[in-house]
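The sequence and model come first, followed by the details.

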Amino acid sequence: MYVCLQACKDGCRAGCRRIVGLDGCFLKGYYGGYLLAAVGIDANNGIYPLAYAAVEKTRHCDRHLHSNFKNAGFRTKELKDLLWKAARASTTREFDDAIDELRKTNHHAYDWLKKKNPAHWSMSHLSIRSHSDMLVNNLSESFNKMMLEARGKPILTMMETVRTKIMLLIVKKKEEADKWKGTLGPNIKKKLDVNIKDSLRRVPSHAGGDKYQVECGPGSQHVVDLVQNSCSCRNWDLTGIPCMHALAVIHVKNDPVRGPKQWASLSNMLPILPPPLRRPPGKPTKVRRKEPDEPQTTERLSKRGVEMRCSKCKIIGHNKRSCKGEFGQNIPVKRHQVGVRTQQQATPSQQKVVKDKLHQHNEGFGLSIN
């Protein structure tokens with residue numbers, strides 16, 4: 001039973017990439033069988049189901065699903081890493097180096113792999129018409145997981161459930177696309193932002209015409225062609241998204257960073273004034289703030305060996321805070337109440353009045369005052 005919705009075909013022609021993933025999964029019903037699906041990639045690098053079919057289980061399918069991959073000797077992690085290295089090679093030179101390393105490691109696996117067309121599994125030989133660098137079937141695996149609930153139902157119920165899920169998925173994608181700001185999808189925008197950030201560490205040089213050489217470190221460089229929208233790293237060619245090398249060239253060619261003398265002045269713009277100077281809260285520090293590259297010393301100078309002299313009594317051995325001596329030729333200072341005069345401070349008339357009172361007072365006791 002084969003189903004291909006018209007809405008899926010129209011959406012694929014309107015905004016999907018030129019790549020289709022084909023895969024199948026087991027049905028969990030009483031009669032078994034397989035659910036085959038063709039899944040594409042939308043403009044936001046998301047899954048876009050195109051068609052699906054239910055087929056019965058046959059020996060041919062079993063032989064097809066159990067490929068000769070394990071028999072070729074790729075069971076060890078080392079050989080799997082070599083295969084992945086060859087698949088992820090962006091240039092033919094990297095691909096040849098990975099294949100040569102595989103030949104030295106396992107000759108049987110090397111012979112088996114040489115019979116396979118690299119255009120079907122290595123990034124270095126992929127066609128740039130699809131605008132995709134995908135090497136795995138994650139799209140199909142995501143679709144199979146989405147249909148996990150439907151795979152255990154009877155055939156007609158399962159097909160209707162799959163159709164409903166696809167319908168809801170397309171409606172959800174349309175609602176999310178209406179909220180996009182700009183012409184790029186959110187996932188594509190994130191990739192482009194990462195490439196822009198990485199491009200700031202690349203140094204482009206004009207190589208004549210529309211070609212530029214971009215330095216990526218010692219002994220590593222790439223060639224960018226702005227007319228062909230191509231880079232020797234092949235990331236721009238395969239995905240259609242400018243790589244970090246292309247963005248470094250675009251930044252220099254179209255949007256150079258100009259100095260303050262070349263800045264355009266705006267007549268209707270108010271002058272930019274510095275913020276008002278305010279005293280910070282708290283007591284101002286007396287310690288000088290040191291520069292970041294200046295050594296930060298926390299040790300204080302010691303006063304060991306320095307003679308201490310009191311500023312009050314001028315005696316060596318203590319300071320004025322711990323001084324206990326007497327001042328003014330060692331004469332104790334008597335304190336008097338404010339406004340009360342002593343006998344020495346009184347006038348002669350006041351002194352005579354005081355003596356007369358004392359004379360009258362002492363006469364009663366038989367005392368005399370000279």
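## Basis of the description

Two strands count as paired if DSSP finds at least two bridges between them. Helices (H or I, at least four residues) and strands (E, at least two) are DSSP runs, numbered from the N terminus.

The model is predicted: local features need pLDDT of at least 70, side-chain atom pairs count only at pLDDT 80 or more, and totals for chains, interfaces and linings use all residues. Residues are numbered from 1 along each chain as its sequence is written, and side-chain values use heavy atoms, with hydrogens and water left out.

## The sheet β1-β4-β3-β2

Four strands form an open sheet in the order β1-β4-β3-β2, with antiparallel pairing. Its edge strands, β1 (2-3) and β2 (20-26), each pair on one side only.

Within this sheet, eight bridges link β3 (residues 34-41) to β4 (residues 47-55) in the antiparallel sense. L36 has A53 of β4 opposite it. Helix α6 (residues 138-146) lies across β2, β3 and β4 and runs at about 40° to β2. Contact here means heavy atoms within 4.5 Å.

## The sheet β5-β6-β7-β8

Another open sheet of four strands has the order β5-β6-β7-β8, also with antiparallel pairing.

Strand β7 (residues 221-225) runs antiparallel to β8 and is joined to β8 by two bridges. V224 stands opposite C231 of β8.

## Packing of α4 and α5

Helix α4 (residues 92-105) packs on helix α5 (residues 107-114) at an angle of about 140°, and their axes are 6 Å apart. That makes α4 oblique to α5. Axes are lines fitted to C-alpha atoms, for helices over the stretch in contact, and angles run from 0 to 180 degrees between N-to-C directions. Angles under 35 degrees count as roughly parallel, over 145 as roughly antiparallel, 65 to 115 as roughly perpendicular, and the rest as oblique.

From α4, the residues I99, L102, R103 and T105 meet H107, A109, Y110, L113 and K114 of α5. The residues of this contact comprise five nonpolar, two polar and two charged. Ala, Val, Leu, Ile, Met, Phe, Trp, Tyr, Cys and Pro count as nonpolar, Asp, Glu, Lys and Arg as charged, and the others, Gly among them, as polar.

N106 lies in the loop between α4 and α5. The N106 side chain reaches the backbone nitrogen of H108 at 3.1 Å and that of A109 at 3.0 Å. A polar contact is a pair of N or O atoms within 3.5 Å; within protein, one must be able to donate a hydrogen and the other to accept it, and residues adjacent in sequence count only if both atoms are side-chain atoms.
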